[in-house]
Amino acid sequence: SVDGSGSYPLPDISISVDSSGFPTVSGGSTGRSGTSLTEVTNGMYLANGSLGTLKIPSISLSVTAYDGDTFAAMKKGIGHIASTSCWNSNIGLVGHNRGTSDYFGKLKKLKPGDEMSYTTKLGTRTYVVDSVSKISDTDWSKLQYTSDNRLTLITCVENVGTQRLCVQAVEKR
């Protein structure tokens with residue numbers, strides 16, 4: 001529950017929202033129900049310094065993911081939310097939807113059933129969009145560890161500072 005302090009406790013992790021509205025995640029070491037959290041280690045980085053590539057054909061997106069939910073990471077591509085898994089369970093990715101780094105500008109066009117893939121050093125997984133919703137800028141519950149493998153993509157809602165667009169896609173079976 002939200003206590004008004006700016007911190008939002010979830011199982012094994014704590015998420016705070018910084019002054020620019022981006023989540024900062026800390027804690028966490030294992031997933032739930034047998035799905036292990038895959039932590040970022042030096043061996044996870046590709047030669048270009050990234051963690052992987054997200055491709056969403058229905059919106060013609062191919063973008064590189066860098067570790068960290070920072071402006072520096074999102075200037076180069078999209079950011080991997082610190083302390084969310086980088087392979088198993090729930091992978092949190094954030095990006096801008098306006099300006100010169102508007103990689104997530106077309107996320108609002110996604111619909112349930114659209115497919116996307118995420119490639120890292122550990123392989124490639126295909127995901128299917130399960131939900132596209134608007135959430136409060138203080139509601140980061142969609143980043144909780146899950147027993148399935150999923151991607152959670154988060155970006156701002158244009159001209160609505162108190163909301164975020166959240167797309168969740170589950171691994172295709």
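Nine bridges join strand E9 to strand E11 (residues 160–171), and the two run antiparallel. Strands here are DSSP runs of type E with at least two residues, helices are runs of type H or I with at least four residues, and both are numbered from the N terminus. Two strands are said to pair if DSSP finds at least two bridges between them. Within this pairing, Ser 131 stands opposite Gln 168 in E11.

The model is a predicted one, in which local features need a pLDDT of at least 70 and side-chain atom pairs count only at pLDDT 80 or more, while totals for chains, interfaces and linings use all residues. Residues are numbered from 1 along each chain as its sequence is written, and side-chain values use heavy atoms, with hydrogens and water left out. The pLDDT is the predictor's confidence in each residue, from 0 to 100. Its average over the protein chain is 82, and 79% of the residues score at least 70. Over residues 1–34 the pLDDT is below 50, and this stretch has 84 contacts in the model beyond near neighbours in sequence; a contact means heavy atoms within 4.5 Å.

For a reader meeting the fold here, the chain as a whole comes next. The protein chain has one helix and eleven strands, and along the sequence these follow the pattern β-β-β-β-β-α-β-β-β-β-β-β. Eight strands close into a barrel in the order E4-E5-E6-E7-E10-E11-E9-E8, with mixed pairing. Neighbouring strands of this sheet are turned by 30° against each other on average, direction ignored; the axes behind such angles are lines fitted to C-alpha atoms, for helices over the stretch in contact, and angles run from 0 to 180 degrees between N-to-C directions. Of the contacts in the protein chain with a separation of 6 or more, 57% are between residues 24 or more positions apart.

Strand E8 (residues 115–120) pairs with E9 (residues 123–136) in the antiparallel sense over six bridges, and the two form a hairpin with two residues between them. Met 116 stands opposite Tyr 127 in E9. Strand E10 (residues 150–157) pairs with E11, also in the antiparallel sense, over eight bridges. Here the bridge partner of Thr 152 is Gln 168 in E11. Strand E11 also holds Gly 161, whose C-alpha atom is separated by 9.2 Å from that of Ser 136, 25 residues apart along the chain.

Burial can be read residue by residue: buried means under 20% relative accessible area, exposed over 50%, and partly exposed in between (1.4 Å probe, protein chains only). Of the 173 residues of the protein chain, 45% count as buried. Gly 161 is exposed, with a relative accessible area of 55%. Cys 86 counts as buried because its relative accessibility is 2%, whereas Cys 156, at 23%, counts as partly exposed. The structure holds zero disulfides, a disulfide being a pair of cysteine sulfur atoms within 2.5 Å.

Most residues other than glycine have a negative phi. Ser 60, in the loop between strand E4 (52–56) and strand E5 (61–67), has a positive phi near 55° and is exposed at 67% relative accessible area. Ser 89, in the loop between strand E6 (78–80) and strand E7 (90–94), has a positive phi near 70° and counts as buried at 0% relative accessibility.
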